[in-house]
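Open your viewer and get ready to click along. We will go from one stop to the next, selecting as we go.

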Amino acid sequence: MIGYKFLRADGSTVFSGFSWPLPGSEPGPWVEVPVHPCRSGIHACRAGDLSYWVGETLYEIELDGEIVEQRHKVIASRGRLLRRVRAWEDGLRDEFTRMCANRAHEIARAEPVLTALDEDIEPSISDGPAMLGFMAAAIAEERGGMDAYRAERERQAAWLAERLRS
Amino acid sequence: MRDHHLTCQEIVELVTDYLEYALDSETAAQFEEHINFCDGCAAYLGQMRAAIETVGSVEPEDVPQETLDGLLVAFREWKRT
Amino acid sequence: MTSEPIDDQRAIALLRAGDEQAFEALVARHYATMMAVARTYVKSRAVAEEVVQEAWLGVLQSLDRFEGRSSLKTWIIAIVINKAKTRAVREGRSVPFTALGPDEPAVDPSRFRRRGEIYAGHWRTPPSAAPDVVAQDRETLWVAMRAIADLPPAQQTVMRMRDLEGSSADEVCSTLEISAANQRVLLHRARSRVRAALEVHLSA
């Protein structure tokens, strides 16, 4: 199974600090861990999960062995990074940040009570795509509750998936 | 199902359950989603992990000498019986 | 964790042989936790001391009966609990651990934005990123030790058993006769307090 994985700029994971062997012109070596749902295992995204996990760098990952599909991620016992998705760092990441900011403005400006939230958007751009993705979803939540939050996240994921497909 | 996104104030109350694998999968997913965008909570989680590691390195405190002396007396008496 | 102890059977053999150094070492290793346990049952430190001393006598007197079904350390704690309960009953105190005490927030609420502010519940003053290397210098360890010693007895007991001695959650729950949920609450409060103390120290 092929999925995606966001890593920090230094190739480490956000949650465990594990340093992934990075791919060059060839895929990186296989990494193996025992799988325990919600505990250990290699975490990866399917296309529909991307918005929840945006980070500094993006890789394509091949998963093998025991694979457990969860709501917003996949856990596997074997994985190797196939290639760095340069498109993410080369512009897609900033485009995503801007897209989320525009969406956040759109939703916030539709309601006078959300002005304070609206004003907070531009100053937060430097916080990056994860923050703006959250803000757009949180502002949607102000208007439409958790259903709207989740719908916004799905919108973001679809936006990303479409651009990564090409 | 939670009716609002997890706030940082809620996250810090969930950290122990998260580290103990005691969160239900929905809450665990929301917890991790939050850590992904929130530097403050990522830092908090890091501090908590570091605190646990530091605690694990603490050596047992000294026993008050009087207590030790008393216990040694008792030990020698017990030896004799 | 504290330095790897000689295994249980060896420790018992040395005690039976009358080895004073082994006894001293065993006392040193378990004293603080035994005191914390005793103090969850009896009010004064002085009485807790007596309970712990009685417990050591009990350990020595029952050495032959230790079957190795539990670890030595949980067996010792079970003896302390026994002595402490007896003492508590004698003093007319009801038995604790079931009462968790009032709620305490993991972090001072003033660190978060208030209700009515935008992003209520989010950090107002977030913590700074944890350093890559965990501080293990003497001063930091001393701060941690003090923070642990200052914990209320029930919290201190759970933290000592889980995070210093490496007992599992199941072991702690069955030894202390508390639910998994209560054990987690006590552990949570203990860890939150210690983290806060270390944050103050490390940011100074």
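How are α1(C) and α2(C) oriented to each other? Select helix α1 (residues 8-16) of chain C together with α2(C): they pack at an angle of about 130 degrees, with their axes 8 Å apart. They are therefore oblique to each other, as angles under 35 degrees count as roughly parallel, over 145 as roughly antiparallel, 65 to 115 as roughly perpendicular and the rest as oblique. Before moving on, note that this is a predicted model, where local features need pLDDT of at least 70 and side-chain atom pairs count only at pLDDT 80 or more, while totals for chains, interfaces and linings use all residues. Residues are numbered from 1 along each chain as its sequence is written, and chains are lettered from A and ligands numbered from 1 in the order in which they are written.

Now show the side chains. Ala11(C), Leu14(C) and Leu15(C) of α1(C) meet Ala22(C), Phe23(C) and Leu26(C) of α2(C); contact here is C-beta atoms, placed from the backbone, within 7 Å. The residues of this helix contact are 6 nonpolar, no polar and no charged.

Next, colour the contact of chains B and C. Chain C gives 47 residues and chain B 39 residues. On the chain C side, α2 (20-41), α3 (45-62), α5 (138-149), α6 (153-164) and α8 (180-203) each supply at least two residues. That side divides into 29 nonpolar, 9 polar and 9 charged.

Last stop: Ala104(A). Select Ala104(A) with Ile121(A), Leu132(A), Met135(A), Ala136(A) and Ile139(A), which it touches, not counting residues up to four places away in sequence.

Conventions
Contact = placed C-beta atoms within 7 Å. Helix = DSSP H or I, 4+ residues; strand = E, 2+ residues; numbered from the N terminus. Nonpolar A, V, L, I, M, F, W, Y, C, P; charged D, E, K, R; others polar. Axes fitted to C-alpha atoms, helices over the stretch in contact; angles between N-to-C directions.
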